[in-house]
Structure formats: structure tokens, C-alpha cells
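Subject: Structure handover

Hello,

Here is the structure for you to look at. My notes follow below it.

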Amino acid sequence: MSRDRESNPAFATRLWVSLMPGLVGWAALMIEYRLATLVLMIGFWLLRFYERTDASLVRLPGWYQGLRSLLSPVVVACHLAVVVRLSLLG
């Protein structure tokens with residue numbers, strides 16, 4: 001699972017970061033869709049900013065940063081499109 005030992009603080013940090021998207025996503029299911037979409041979009045950007053820290057850069061493959069730089073705005077744009085579409089329906 002990881003090269004680090006469980007006693008290493010970096011291991012605990014990465015574990016929490018890996019758990020947060022799922023927990024935030026489940027919580028977002030329980031609130032109004034516009035607010036939920038905003039929460040998810042902020043979560044995507046926060047995860048992206050975390051992945052750009054020095055601690056993450058040394059652990060991620062080189063191609064990953066380029067892929068995430070492309071996909072993160074696409075995901076946020078898709079969320080915005082869903083909000084616009086649902087808002088138009090009523």
C-alpha cells in the first residue's frame with residue numbers, strides 16, 4: 001500500500017487525504033444539490049492543490065500532474081453544467 005511505515009506522520013496524512021473525497025462525497029449526497037456541487041468542486045480543487053505540494057510531487061509519477069491539470073477543470077466544468085441544467089428544469 002505504501003513505502004512508508006504506519007508510524008511515519010506522512011503515512012497518516014496521505015491516509016486521511018485519501019479518505020476525505022469519499023467522506024465529503026457521502027456528506028454531499030445529503031444536502032441540496034447546488035450546495036453539494038459547490039462542496040464537491042471545492043473538494044476537487046483542494047485535492048488538486050494538495051497533490052501539487054512537494055510531499056506529493058515526489059510520490060506521484062511525472063505524467064500524473066499533467067493528467068490531473070487537464071481533468072480537474074473538466075470535472076469542475078461538468079459539475080457546473082449539471083447545476084445549470086438542473087436549475088433550468090426547475
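The buried residues of helix α4 are Y64, Q65, R68, S72, V76, H79 and V83. Buried means under 20% relative accessible area, with exposed over 50% and partly exposed in between (1.4 Å probe, protein chains only). These residues pack against α2 (33–51) and α3 (54–57). Helices here are DSSP runs of H or I, at least four residues, numbered from the N terminus.

This is a predicted model: local features need pLDDT of at least 70, side-chain atom pairs count only at pLDDT 80 or more, and totals for chains, interfaces and linings use all residues. Residues are numbered from 1 along each chain as its sequence is written, and side-chain values use heavy atoms, without hydrogens and water.

Helix α4 covers residues 62–89.

Look at H79 in α4. H79 counts as buried because its relative accessibility is 18%. H79 touches T37, L40, M41 and F44, leaving out residues up to four places away in sequence. Contact means heavy atoms within 4.5 Å.

Now the second largest pocket. It holds about 290 Å³ of space. Its lining has 13 residues, with M20, P21, V24, G43 and F44 nearest the centre. Both α1 (9–28) and α2 give two or more residues to that lining. α2 gives the most, with eight.

Best wishes

How values were computed
The expected span of a helix is 1.5 Å times one less than its number of residues. On a 1 Å grid over the protein atoms alone, a cavity is a set of points where a 1.4 Å probe fits but cannot get out, and a pocket is an open set with protein on both sides within 12 Å along at least five of seven lines; lining residues have an atom within 4 Å of a point. Grid points are joined across faces, edges and corners, and a volume is the space filled by probe spheres set on the points.
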